[in-house]
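Colleague: I would like a close look at a single strand. Please go through it piece by piece.

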Amino acid sequence: MSKADEVFLKVEDLEVIYTSGKKNVQAVNKVSFELKKGQTIALVGETGAGKTTIAKSILRILPNPPAKMLGGRITLEGRELTSLSEEEMLDIRGGKIAMIFQDPMTALNPLMTVGDQIVEGLLLHNDYDKDAAENRAKEMLELVGIPKDRFVEYPYQFSGGMKQRVVIAMALACNPLLLLADEPTTALDVTIQAQVLDLIRNLKEKYNTSMILITHDLGVVAETSDTVAVVYAGEIIEYADKRELFINPCHPYTNGLFGSLPGMTEGESRLKPIAGSPPDPTDLPKGCAFAPRCPYVMDECIESKPDMKEISPGHFCRCIKAGKEI
Amino acid sequence: MPLLEVKNLKKYFKVASGINHAVDDISFSVEKGETLGVVGESGCGKSTLGRTIIHLQEATDGNVILNGEDITHVHGKKLKEVREKMQIIFQDPYSSLNPRIRIEGTIEEPLRHSGKFKSKAELKEETNRLMELVGIDERLRNAYPHELDGGRRQRVGIARALALNPEFIVCDEPVSALDVSIQAQVLNLLMDLQDSTKVSYMFVTHDLSVVKHISDNICVMYLGQLVEKASTEELFRNTLHPYTKALLSAIPSVDINNPMKRLELKGEITSPIDPGPGCRFAARCPFATSKCKEPQKLREISKGHFVSCCRIEEIN
Amino acid sequence: MVKYIIKRLLGMILILLATSLIIFTILYFTPGDPARTIAGATATAEDVENMRHIMGLDKSYIEQLGDFLYSTFIKFDLGDSWVYNKPVINEMMIRLPRTLFIGLSAMALNLFLGIVMGIFAATHEGKWQDSLTMGFAMVFISCPDFWVALMMILLFSATLNLLPAYGIGGIQYYIMPIICSALGGIAVNARQTRASILGVFREDYITTAKAKGQKENIIVWGHMLPNALMPIITSIGNGFAKIVAGTPVIESVFSIPGLGLYMLTAINSRDYPVVRACVLFFAFFTAISMLLVDLAYAFVDPRIRARYQTVKKKETK
Amino acid sequence: MNKRTSIVRETLERIWSNPGSRVGIVIFAFIVIVCLAAPLIAPYGVNDMDLANMYKGPSLAHPFGTDGMGRDQFTRILYGGRYSLALGLCAAILGSGVGAVIGSIAGYFGGKTETMIMRIMDIWSSLPSMLLCILISATLGAGFVNTVIALSIGNVPTGVRLIRGQILSERNKEYLEAAESINCSTPSIMFRHLLPNVVSPVIVDATMGIGMNITMAAALSYIGLGVQPPTPEWGALLADARTHILNYPYLIMFPGIVIALTVLAINLIGDGLRDAMDPKLRK
């Protein structure tokens, strides 16, 4: 087994396109990041930035067509996932890597009892017989705070927060090494959101699971992650340790995100939002994707794509002006 | 005299399993040019409250008073006048615009129905003014809603609500469906419009940080009832009701140096259908005792700060 | 659940009553005098008047309707045929098995082939297998079933001499009628199944199942099909109704003495008791299949099942 | 984006861009034109008998052969198309139209009105439509108008259910509340806001209905109801030839092929229309 600080998951130059009609949409463009055992990386960005696509391509569950992985390598514990056969991937999915989805209302099969849905995964990845699997599933339900006699109930009998707990139980049932959490609390009410977030955090610590957390909420990032990657128009535009990124954000987009937050601190009467809207993914700018909205835009930004620069150890930023005074 | 006064407003719905107390005995007032924030989780009746005030739904009981005039049960021509003074901005910019009507048509429609604009040229000039006011490019005039992104659609919704120069606008979660950067643009727009037109808002939301940013006064609702009401400053400085405290502490904080200590709630929101007489929050409240089973009264703790909890003296 | 079924059966009786009313009224106002037809061309005015009295046609509309409803729903007596003076029910029982055999076999075919073809097309979406299956479905939907029947007679009876063209006898007499009754429905079901399966293709819970590491095959049959089943069941129900309605035409093409042909003949000879009895039977059959469809909904979907159970709870309170 | 494209035009362009429905449109247009122009194209008179040329198989002089009275089958199919197409079209419009009106009333007013209308529809459709058609055309007697009425009565419940279901899914949308809040009158809400958003499935259904009605009309004629010989309606041509199927199969073949081709073309158009009107597929 790998040591605690060894790189556990490595994503290199991931590239995914969607084809719709004759148009190609560059959904993910040369995305690279690393994750250490037991750690959490947050992918932050707005709707359509390509966060979910990144997660789904790690599991290789993107619908093809229209999605197509053009290139890149994904390595989990030294095993290259991208070169595995579809058969081998079946073992990885749910066994080694599990996923929690955004909308608990639609993520559960409405016609199956929640118990059966947890059991389904258990039978696939373990040598359990049916009884053992059921016992384990009941254990998982209790673990996420659902009485085990609700094992035989259907999803419609659960509230949104409860459903999300079921989804979490389902994901963690097979002790995965890596958890992909796709906006796990966005669809929930504030107080429920806090409960679910705490639950994920506790279970993750208990089993030393690594996690990729996808969110648009900087508050969730601050509370949950170790590393942060800011995603914009399919690219990682800033990548750093959480503390570093929150104290010293560098990319104008990241700065804009912070400026857009109606903060809980006193004082400001007007927000400093980012102008304009995210770019049309079928028609991305030639240069920096953020250039049309950037307050510091220069000619160079429009002409060519800036490279990722390491501005301080472990802090990367895709901006010409990064590290310089602005 | 406040612009709008709501007195003991009630809105009940008959449903299969009983009576849904969606809005139960709510009172507040809004001054001209001010914003009242209404906060609560889904199902607490905050949207119904807004819709009942502006007559999209008939009130079960209580009064709505606009400029000193009781408008709770107006009809016909009077209702038309009232609606011109009170407007609404919806949560979902996708379903709140008719997909078959062009942007221009949507903004122009209230103007036409008001009968104040006689000629086509006048109408066009006014729609132009509105589009400019909310920041929609002139070239989008002939576009259909599906051609616009969420932020622009929401601007169209705002233009439609502003068309008749209302005095009061219910903003029903207008930014919760939008991305953070767009959300900030829309919030700024709403605040700028308030500065220039002195319109009053009732801002309905589940997001305490948004409500703190935009409101002068805040009402916190739980299962159809008011649990706490105070000026924004007072509410955040001196939070009293356990539910408000839980709401506040549940928001994930961006401040990585001072992580918030969380007041965890048990269970989930219960049903507003045929609720018992006691405190509706008691089932989830960490401080609940047998006293909470009795009916709770909204008490004025300090000037303008109302709380509906019998135990605040003990727990604070 | 049992309570629900009982409730639905009671509702069915109401529907049948209403149908009786409608069919009686339609026939009552049909131009032409049945008494004259039945008395024969040579009958005198007096004979016809006599006949009218015997048949009860000289009574008022309300009285006649009352008699009809009373004997049908209270005495369970469908009356005698005017033309043959024999109890309708006996004649019907002779013909019923033939019609039922064709109808039920066609329904089974309809259900099985429709779903299999639909899933086959859906899992090959956009490939040639999909286009071919759907192309065939489109052609079969467009061809009138009685014309397909005639063409089959031409091919299998006249040219190839494989199957008998007309009449009844062994199983070989029923092959073509069954296929012709089922064809259109199979095509409709195949199209509906394909559309519904594709509709749930992108549902989140399918992604969840994939993320669990479930195999493609089990995802299609275990997760997609049950969720796609609601509209398919609806379409199957409609298919049943179509098969019922198509019986007169198909039986008339293949000269099969079943209920459909019996009814057509009776319409032409103004033998109203027979027409009414046959129509009532068809309505009954349709109502039963609609009930089965509703029960199938409940079987598939726990939410609908729960709704029936709460109905039950309330009643027991 | 600044170009003003109307929704009707956009829809038409999208149907045309679908290869299946393009084929459908071409075939259907051809059949309609040829049938309308029958007096100009037809080589013989529709009822011209030629007893010297009875039961002649297809030849250059008679491409589809002749019937038992020596009438040219090709000519009769051309003229018959006018009846069949008109029957299908009228019945579909009448049936779906009445259905749509009743359905809108049920959907818009809701409550008791809706319950009552839907119960009536349950009874109405307790008899499958073909059966109802048989009974009604037996009552009304043969003839064009009677057949149209019989056919359209069977179509009504489908139309009612379709538009009501559509309104149910639409009537809680916020844009209707918005319309109310800006003082739209009830008719304005109904016709300007609601109707355009619910009407597409009814249009698709009516289109497909044309084909279905042509088939049903033919079946009615075939079993001796509906339009009767010597009217050359396609089903009546089949009924005329039914006894000679073994001896003169071409008399059965050609009318049937023409019916199938027409219905196929209509169904292809209907499919394209459904896709073109689906707001989910509209970008």
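How many bridges join β3(B) to strand β8 (residues 200–205) of chain B?

Modeller: Five bridges join β3(B) to β8(B), and the two run parallel. Some ground rules come next. The model is predicted, so local features need pLDDT of at least 70 and side-chain atom pairs count only at pLDDT 80 or more, while totals for chains, interfaces and linings use all residues. Residues are numbered from 1 along each chain as its sequence is written, chains are lettered from A and ligands numbered from 1 in the order in which they are written, and side-chain values use heavy atoms, with hydrogens and water left out.

Now the strand itself. β3(B) covers residues 35–39. Strands (E, at least two residues) and helices (H or I, at least four) are DSSP runs, numbered from the N terminus. Five of the five residues of β3(B) are buried; buried means under 20% relative accessible area, exposed over 50% and partly exposed in between, with a 1.4 Å probe and protein chains only.

Look at the two faces. In a regular strand the side chains alternate between the two faces of the sheet. Thr35(B), Gly37(B) and Val39(B) are on one side of β3(B). Leu36(B) and Val38(B) are on the other. Both faces are covered.

Next, the partners. Strands of a sheet pair through backbone hydrogen bonds, either parallel or antiparallel. Two strands pair if DSSP finds at least two bridges between them. In β8(B), Thr205(B) stands opposite Val39(B). β3(B) also pairs with β9(B), residues 217–222, in the parallel sense over four bridges. There, Ile218(B) stands opposite Gly37(B).

For contrast, chain B also has antiparallel pairing. An open sheet of four strands has the order β2-β1-β4-β5. Its edge strands are β2(B), residues 18–30, and β5(B), residues 69–70; each pairs on one side only. β1(B), residues 4–15, is joined to β2(B) by nine bridges, and the two run antiparallel. Phe13(B) stands opposite Asn20(B) in β2(B).
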